[in-house]
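Student: Hi! I've just opened a new model and could use a hand finding my way around. Can we look at it together?

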Amino acid sequence: MKTFIHKISLLCLFSLCLLGGCSNDHPEWEEGDPALAHVYYYCFEKWGTIPGGNDVTYTVRQGETLAVPTQFYSSFVRTYSPEVYYYTTPDPEAADALECGTDYVVVDESGNTLTPDASGAYTMTWPNAEKGVQNIYIKALNGKKGSIRVLTFDPSRTMDVTDVSTTSIIKTSEYEVRAISENYYVTVFIQ
């Protein structure tokens, strides 16, 4: 119960910041917290129920390509272009695991197959740290039917909603990009 209340509190705080809930009665808030000036958030554009948020699903038919929109939250334009990572994994709740390269592939908007790095990550760049929406494209290959997960957070790591440092997707000397615990994966059903 304590964790549930903490999740709700964090989500409310994040929502207030995104919706501009800070008042002009406090001039020190107008520019935001300088410690967070180069911290961004990356998640799926669609949200499910809160708490939970990871219950959004998509369906794609064999041979077709699905666009899954992701969103980058930023209030600034910068000289650098942050990179984020996204992943695909078998759906742990599915009876039969689908394989990338056999049952589906990740492609770019032109349909070219993308290759993940050694950790299974695909890279997406956000030019000049501008907020916006970019799609992840999943193409079904006329293989098995079933489901996969698409994630904006490394599936080999564990996120702890009571420790914001565990939500970091990438941290460099210039910027940090964090995942949102209530919206870091979606399920894709291949029919």
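Student: Which ring does the charged end of R78 sit over?

Tutor: The ring of F76. The charged end of R78 is 4.3 Å from the centre of that ring. Keep in mind that this is a predicted model.

Student: Thanks! And what lies over the face of Y185?

Tutor: That is R149, at 3.9 Å from the ring centre. Y185 also turns up in the lining of the second largest pocket, where Y185 is one of the residues nearest the centre.

Student: Oh, a pocket! How many residues line the second largest pocket?

Tutor: The lining has 20 residues. Besides Y185, those nearest the centre include N54, M159, S181 and Y184. The volume of this pocket is about 280 Å³.

Student: What classes of residue are in that lining?

Tutor: There are ten nonpolar residues, five polar ones and five charged ones. Strands β4 and β8 (146–151) each supply at least two residues of the lining.

Student: Switching to ring pairs: how many aromatic pairs are there?

Tutor: The count comes to eight aromatic pairs. Take Y40 and Y80: their ring centres are 6.4 Å apart and the planes are at 70°, so the pair is edge-to-face. This pair links distant parts of the chain, with Y40 in strand β1 (residues 39–44) and Y80 in the loop between β3 and β4 (83–90), 40 residues apart.

Student: Are Y40 and Y80 buried or exposed?

Tutor: Both Y40 and Y80 are buried.

Student: And why is the pair of Y86 and Y122 called stacked?

Tutor: Because the planes of Y86 and Y122 are at 20°, with the ring centres 5.4 Å apart, and planes under 30 degrees apart count as stacked. Here too the pair links distant parts of the chain: Y86 is in strand β4 and Y122 in strand β6 (residues 122–125), 36 residues apart. Y86 counts as buried at 3% relative accessibility, and Y122 is buried with a relative accessible area of 3%.

Student: Which residues do ring pairs link into a cluster?

Tutor: The cluster is made of Y40, Y42, F72, Y80, W126 and Y175.

Student: Last topic, the strands. How do β3 and β7 run?

Tutor: Strands β3 (residues 65–73) and β7 (residues 132–140) run antiparallel, joined by eight bridges. Within that pairing, V68 stands opposite I136 in β7.

Student: What about β5 and β7, how many bridges there?

Tutor: Four bridges, and β5 (residues 104–107) pairs with β7 in the antiparallel sense. There, V106 stands opposite I138 in β7.

Definitions and conventions:
Residues are numbered from 1 along each chain as its sequence is written. This is a predicted model: local features need pLDDT of at least 70, side-chain atom pairs count only at pLDDT 80 or more; totals for chains, interfaces and linings use all residues. Side-chain values use heavy atoms; hydrogens and water are left out. Two strands pair if DSSP finds at least two bridges between them. Rings of Phe, Tyr and Trp (its six-membered ring) pair if their centres lie within 6.5 Å; planes under 30 degrees apart count as stacked, over 60 as edge-to-face and the rest as tilted. Buried means under 20% relative accessible area, exposed over 50%, partly exposed in between (1.4 Å probe, protein chains only). A charge sits over a ring if NZ of Lys or CZ of Arg is within 6 Å of the ring centre and within 35 degrees of the ring normal. On a 1 Å grid over the protein atoms alone, a cavity is a set of points where a 1.4 Å probe fits but cannot get out, and a pocket is an open set with protein on both sides within 12 Å along at least five of seven lines; lining residues have an atom within 4 Å of a point. Grid points are joined across faces, edges and corners, and a volume is the space filled by probe spheres set on the points. Ala, Val, Leu, Ile, Met, Phe, Trp, Tyr, Cys and Pro count as nonpolar, Asp, Glu, Lys and Arg as charged, and the others, Gly among them, as polar.
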